Amino acid sequence: MKHDLAVGQLDFLNGDEAVAFGAKLCRPQVIPVYPITPQTLVVEKIAEFVANKQMTCAYIHVESEHSAMGAAMGAAMVGARVFTATSSQGLAYMHEMLHYVSGSRFPVVMMNANRTLAAPWNIFADQRDSIAQRDTGWIQVYVENGQEALDMIIQAYAIAEDERVYTPVMVNLDGYVVTHTYELVHIPDQALVDEFLPPFRSQNAIDFAHPRSFCITAPTDWNMEFRLQQQQAMERSKQVIAEVDKKFGAKFGRYYGGLVEEYKVADAEVVLIAMGSVIGTARIVIDQWRNRGQKVGLVKLRFLRPFPQEYFQGLSGRVKAIGIIDRDISFGYEGALASEIKSALASTGKCPPVVNFIAGIAGRDITKEHIAEMLAKLFDRRAGKAEKDLQFIGLRWPNG
Amino acid sequence: MVKVKELPDREFLYGHKACPGCSLGTIGRLALKILGEKTIVALPASCMSTVTTQYPQMNYTVPSFTMAFAGTGAVLSGLSAGLKAQGITDAYVLGIAGDGGTADIGLQALSGAVERGDDFIYICYDNEAYMNTGVQRSSLTPLGASTTNSPAGPASWGESRPKKNLFEIMIAHRIPYAATASSAYPFDFMNKMAKTKIIKGPKFIQVMCPCPTGWGFPSHLTVAIGKLAVETGLWYLAEYENGKVKMNLVPKTFKPVEEYLKKQRRFRHLTEEQIKLIQEHRDQEWQMIRQRWL
């Protein structure tokens, strides 16, 4: 990331506050939102902005997450720019509405604080909540830190509101690790954001002069064609995501690489792939191993949907072993990222050995030592030693 | 007062696929004639959405959409806020939902929207069961009614719990305007709809909508059945405004409940004793009405 100190204001913010500032800069007109830990600081900061006239919008105190997304849908239907935020159980509770909004092609932007799902009950980070919503038709991006969170809220509107896309975007931040960690964040100038993101004029909104039905009942002989259009919009969004990142970088000086970011992958033989806050830790370990002359690299998967299968198809022939860190698990199989990535790798006919590491569940720390342990296992695997395909890292007792 | 001559000839809802004798179309049609073309209609999963919004045949000439079963109240809040944010102040936001979609799965969202004081009109067309899914009981199914999931049999006399009082739930919110109505009394209904145009904030009307298919009566008797419900005291027409309840029609004497019950398949199994229980329940309800509101 390139930082341009001349642009915007530097402030000491946690991830939730960074999201609130990002939302404020985008001038959403309607914000229906329901509090849930660890998203609450977003809700509170925005309420403060509204109370202090720093933000002009309808802040709706909905009585549930289902209603948050319901109200978001209503407001989007009349062409308003909408923002909301949730987490975990709340995201699960609005599951039905996620389908309604994406199927109606409303460009709602939502922040999700990644938190595990009960039971056992716990408020700390893993990505099982949003990964369980993979098939709801939302674009999903996972950020590494507060700066990326702020920037991705702005980019999310540019992506969602592009006529080629018209699909909602979920910006995911690991609970506490990103949402509650303070760091220096550049808050871009409002004037520049206004240039980057002009007021939204939806082509998919209610017009009394031309009455239409929205979110219709589509019978069997029409429904599949609507689904095809959703898929095509997702496919087109890959190009839009790249364009928006480029445009954003040119204006604000920070580039994120679009669907994926490579870190020291060019000549790497062993590569780790992960999403979210663990990337920050992994970068440090990769640097340490590089200093020792080991050819290791890191792939930061940023977008789970649309999925960058083309990238992984290109990666399959370049490396000797791959480790996939999943902060989630699909019980009865493996981590979701592992399934997704292995499917792309296998489609090339030359899949390198892959080990899936399940780590950081329910806020369990993923330490530098854990990352080093994963890399060591990958080198073992590369050398032909037996390593299980699926391993839990950081358990209280040795992996059984 | 609404005058027939002053109603617009223009139809905003026509060509729907409701069952013969269903008054659902009448309720939607009359409501929209009162509200006019700058109205957005929100419909959760229900008979109304099923019979009027099948792509590509749209039966409304105003903007309309289908909403999740539980979310009518929430989407009305969003529409209202969205319109306001765009500077549109002369449009109406109308939700039309069934009894299950209102009193059961949709109650939380409706309660939230009413409590927040958002500006919308909500019609609950009450046909006293989940008709669109095949006549299953809701919390608004009346005592003794046989439905497909509360069937009468040797161990059951049908629905064993009395109808929940939704009107009083709305009053408990201190809503600006709430009313009960019936499709058998169209002028009363239209006059109430006309009030919703003037009053700011949430407005709620529960309209009894007799269902030939689910209740089991010949399709030409819809209005007669609707009138009998009021004449036997098993339904009443009332409105709540400025903190007071007004009873719009109080029969001097009630017709025997049998006259209403015997005409419907759903009550055909009832014994004299059970009918007596229904009558006693009616009398208790009216005792409460007389004590508080008359």
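The structure is a predicted model. Chain A is assigned two domains, domain 1 (9-252) and domain 2 (260-392). Chain A is also in contact with chain B, through 36 residues of chain A and 37 residues of chain B.

**Domains of chain A**

- The centres of domain 1 and domain 2 of chain A, taken over C-alpha atoms, are separated by 28 Å.
- Domain 1 of chain A brings 27 residues to the contact between the two, and domain 2 of chain A brings 18 residues.
- On the side of domain 1 of chain A that touches domain 2 of chain A, the elements giving two or more residues are H6, strand S6 (139-142), strand S7 (169-174) and helix H9 (220-252) of chain A.
- H9(A) gives the most to this side of domain 1, with five residues.
- By residue type, this side of domain 1 of chain A divides into twelve nonpolar, eight polar and seven charged residues.

**The largest nonpolar core**

- In soluble globular proteins, nonpolar side chains tend to be buried together.
- The largest nonpolar core of this model has 224 residues, and the members that touch the most other members are A:Val19, A:Ile153, A:Ile273, B:Leu94 and B:Ile123.
- Helix H7 (residues 146-160) of chain A gives the most to this core, namely ten residues.
- Because domain 1 (9-252) and domain 2 (260-392) of chain A both give residues to this core, the core lies between them.
- Leaving aside residues up to four places away in sequence, A:Ile153 touches A:Val19, A:Gly22, A:Ala23, A:Cys26, A:Val109, A:Met111 and A:Val171.

**Helix H12 of chain A**

- Helix H12 (residues 336-346) of chain A has as its buried residues A:Ala336, A:Leu337, A:Ala338, A:Glu340, A:Ile341 and A:Leu345.
- Among the helices of chain A, the buried residues of H12(A) pack against helix H6 (128-131) and helix H11 (309-315).
- Among the strands of chain A, these buried residues of H12(A) pack against strand S11 (270-274), strand S12 (296-301), strand S14 (321-326) and strand S15 (354-358).

**A five-stranded sheet in chain A**

- Strands of a sheet pair through backbone hydrogen bonds, either parallel or antiparallel.
- In chain A, five strands form an open sheet with mixed pairing, in the order S4-S5-S7-S6-S13.
- Strand S4 (83-87) and strand S13 (303-305) of chain A are the edge strands, and each pairs on one side only.
- On average, neighbouring strands of this sheet are turned by 20 degrees against each other, direction ignored.
- Strand S5 (residues 109-114) of chain A runs parallel to S7(A), and six bridges join the two.
- A:Asn112 stands opposite A:Asn172, which is in S7(A).

**Contact between chain A and chain B**

- The elements giving two or more residues to the side of chain A that touches chain B are strand S2 (30-32), strand S3 (58-60), helix H3 (65-77), helix H5 (95-103) and strand S9 (213-214) of chain A.
- H3(A) supplies the largest share of this side of chain A, nine residues.
- The residues on this side of chain A divide into 23 nonpolar, ten polar and three charged.
- S9(A) and strand S2 (residues 64-67) of chain B run parallel and are joined by two bridges.
- A:Phe214 has B:Phe65, in S2(B), as its bridge partner.

**Cis peptide bonds**

- The peptide bond joining A:Thr37 and A:Pro38 is cis, with omega about 0 degrees.
- A:Pro38 has its place in the loop between S2 and helix H2 (40-51) of chain A.
- In chain B, a cis peptide bond runs from B:Tyr55 to B:Pro56, with omega near 0 degrees.
- B:Pro56 is in the loop between helix H2 (47-52) and S2 of chain B.

**Residues with positive phi**

- A:Arg27, a residue other than glycine, has a positive phi near 55 degrees.
- The loop between helix H1 (15-25) and S2 of chain A holds A:Arg27.
- A:Arg27 has 19 other C-beta atoms within 10 Å, so it is partly exposed.
- B:Asn242, also a residue other than glycine, has a positive phi near 50 degrees.
- B:Asn242 is in the loop between strand S9 (237-241) and strand S10 (244-249) of chain B.
- B:Asn242 counts as exposed because it has 8 C-beta neighbours inside 10 Å.

Methods
Residues are numbered from 1 along each chain as its sequence is written. Chains are lettered from A and ligands numbered from 1 in the order in which they are written. This is a predicted model: local features need pLDDT of at least 70, side-chain atom pairs count only at pLDDT 80 or more; totals for chains, interfaces and linings use all residues. A nonpolar core is a set of buried Ala, Val, Leu, Ile, Met, Phe, Trp, Tyr and Cys residues joined through C-beta atoms within 7 Å. A residue is buried if 20 or more other C-beta atoms lie within 10 Å of its own, exposed if 12 or fewer, and partly exposed in between; C-beta atoms are placed from the backbone. Helices (H or I, at least four residues) and strands (E, at least two) are DSSP runs, numbered from the N terminus. Domain bounds come from an automatic or database domain assignment. Two residues are in contact if their C-beta atoms, placed from the backbone, lie within 7 Å. Ala, Val, Leu, Ile, Met, Phe, Trp, Tyr, Cys and Pro count as nonpolar, Asp, Glu, Lys and Arg as charged, and the others, Gly among them, as polar. Two strands pair if DSSP finds at least two bridges between them. Axes are lines fitted to C-alpha atoms, for helices over the stretch in contact, and angles run from 0 to 180 degrees between N-to-C directions.
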